[in-house]
Amino acid sequence: MAIGEVAARSGVAVSALRYYEAEGLVSCERTAGGARRFPRSVLRRLAFIRAAQNVGLSLPEIREALATLPEGRTPTARDWARLSHTWRARLDEQIAALTQLRDGLAACIGCGCLSLSRCALSNAGDVAAAYGPGARWLSPALRRIPPTSNAGDAAGRAG
């Protein structure tokens with residue numbers, strides 16, 4: 001399949017396909033003229049990548065998961081069950097963190113700011129500043145770089 005056909009069928013931008021190829025997540029053959037030709041199986045691999053990103057996995061984590069497959073093959077239903085089972089704890093952590101955020105949203109967003117006259121987290125003297133920048137008391141599961149950005153993937157995920 002030509003790169004444009006893969007993009008149309010998968011919903012993944014051509015630029016993303018090139019990036020995934022450069023990152024070793026997908027592979028293709030080259031024609032004599034240098035055009036990329038992908039096997040049809042790349043569609044399943046791209047679906048796997050998209051699902052893993054939706055869980056919140058970074059591209060390095062997805063690459064690591066795909067590397068567990070023999071000979072770099074496309075994930076089977078059994079592979080998907082095995083790999084996705086390991087993500088369950090991560091999803092449970094994200095759900096718990098979002099529930100905590102939702103339940104405390106009216107009181108504080110966990111940023112450690114001193115701008116609120118009454119802080120449910122009692123950040124007197126801005127003690128949260130000692131723990132570093134950003135929303136230090138916000139659950140680490142909610143401080144991850146969103147999976148929609150490739151910007152943080154090259155350097156790894158912040159946490």
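1. Of the 159 residues in the chain, 31% are buried. The model is a predicted one, and the points below should be read with that in mind.

2. The secondary structure consists of six helices and two strands.

3. On contact range, the count takes in pairs of residues at least 6 apart in sequence. Of these contacts in the chain, 52% are between residues at least 24 apart.

4. Helix α1 covers residues 3-10 and helix α3 covers residues 42-55. The two pack with their axes 10 Å apart and at an angle of about 50°. Because of that angle, α1 is oblique to α3; an angle under 35 degrees would have counted as roughly parallel, and one of 65 to 115 as roughly perpendicular. The crossing of α1 past α3 is right-handed.

5. As to the residues involved, α1 contributes Val6, Arg9 and Ser10 to the contact. From α3 come Val42, Leu43, Leu46 and Arg50. Sorted by class, the contact between α1 and α3 holds four nonpolar residues, two charged residues and one polar residue.

Notes:
Residues numbered from 1 in each chain as written. Predicted model: local features only at pLDDT ≥ 70, side-chain atom pairs only at ≥ 80, totals over all residues. Heavy atoms only, no water. Helix = DSSP H or I, 4+ residues; strand = E, 2+ residues; numbered from the N terminus. Buried < 20%, exposed > 50% of the residue type's maximum accessible area, 1.4 Å probe, protein only. Contact = heavy atoms within 4.5 Å. Axes fitted to C-alpha atoms, helices over the stretch in contact; angles between N-to-C directions. Parallel < 35°, antiparallel > 145°, perpendicular 65-115°, else oblique. Left-handed = near helix turned anticlockwise from the far one by under 90°. Nonpolar A, V, L, I, M, F, W, Y, C, P; charged D, E, K, R; others polar.
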